Amino acid sequence: MSSEVVEEFDVDHSGRHFLSVEDISNDDVMRIINRGRQFKAGDTPRVEPGHVAINMFFENSTRTMTSFQMAEHRLGMKILDFDPGHSSVTKGESLYDSVRTVDAIGAEVAVIRHSTNHYYDYLLSTGTLGLSVVNGGDGSGQHPSQCMLDLMTIAEEFGHIDGLTVAISGDIAHSRVARSDAQILTRLGANVVFTGPREWMDHEVTRLGSMATLDEIIADVDVAMMLRVQHERFDAGPDFSATDYLQAFGLTDERAERMKPNAIIMHPAPVNRGCEISGHLVEAPSSRIFEQMGNGVMVRMAILEQVLQARESK
């Protein structure tokens, strides 16, 4: 794939940031996916090395943060260290002042994860930032880079997205992954079905598809996308033991056996084995969970390359 001619990204002002799937056209979605697949096939970056990035993660992360770090390394970027637990945040510094500070120091791209939904709206409304913001996840709002890697994984598997049936199962109300994925999947013509406890449904998300139980839909799905139960995002709710949740709402061995032969299992991780999914299914032949993680590096390279191209063109 590295020998193909690649359509360049649009490099207008909006391309300098990567914030929400709501801001991304279907064409740009496919460009990111295709560029990620080209990187996976060995293509080389089309930006100059030496750009400066900082990863500002105010919520814990393994996959997203290290994936962005690896993507930055492969693009030849310099990476500034940032640990909120050892920063002026502990002294009461606001997010804006933290970002304004690293901007003044010389960071060109800030990858930010924060618990506040749409945290980036205020940052960019001030008009004072010279750096580019890449959203690494905002509260229960958006997770656009996870969405891109999920779409890349599905496109690699099936060669298309339109017409596929994707079940998104679990804690819909608190999941930024469910929100981002559902928006793009439906725009690209997939049939999205939501399953899980009714107390954890969110009409703003579920209106994008239909609702069913996992037992009702499992034999028809092409993709079973299981979500982690996010206890940290709510103070009270249905009180399920892991075993009870698995039997009522999760992907058990019995349900997996009813899936179509070519259907795949996905999960944004971290995985609560034995809760939303039977433990050994995480690495079953039909699972693409670790493939998703590898694809994450590739699409994040594509995202950062797009942002840097926009910066280089100004």
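**Whole chain.** Start with everything selected, and keep in mind that the model is predicted. Colour by secondary structure: the chain has eleven helices and nine strands. Its radius of gyration is 19 Å, close to the 20 Å that the globule rule gives for 314 residues, so the chain is as compact as a globular protein of that length. Along the principal axes, the C-alpha atoms fill a box of roughly 55 × 50 × 30 Å.

**Contacts.** Next, show contacts within the chain. Take those between residues at least 6 apart in sequence: 77% of them join residues at least 24 apart.

**Surface.** The accessible area is about 13,200 Å², and carbon and sulfur atoms account for 48% of that. Of the 314 residues, 56% are buried.

**Charges.** Now select Lys and Arg, then Asp and Glu. The chain holds 27 positive and 46 negative charges. How far apart are the mean positions of the positive and negative charges? They are 3 Å apart.

**Helix 5.** Select residues 144–158, which form helix 5. Is this helix mostly covered or mostly uncovered? Mostly covered: 13 of its 15 residues are buried.

**After the helix.** Last, select glycine 159, which follows helix 5. The phi angle of glycine 159 is positive, near 80 degrees.

Methods: Residues are numbered from 1 along each chain as its sequence is written. This is a predicted model: local features need pLDDT of at least 70, side-chain atom pairs count only at pLDDT 80 or more; totals for chains, interfaces and linings use all residues. Side-chain values use heavy atoms; hydrogens and water are left out. Helices (H or I, at least four residues) and strands (E, at least two) are DSSP runs, numbered from the N terminus. The radius of gyration is taken over C-alpha atoms; the globule rule is 2.2 Å times the number of residues to the power 0.38. Buried means under 20% relative accessible area, exposed over 50%, partly exposed in between (1.4 Å probe, protein chains only). Contact means heavy atoms within 4.5 Å. Accessible areas come from the Shrake-Rupley method with a 1.4 Å probe; for residues, only the protein chains shown count as cover. The place of a charge is taken as NZ of Lys, CZ of Arg, CG of Asp or CD of Glu. The expected span of a helix is 1.5 Å times one less than its number of residues.
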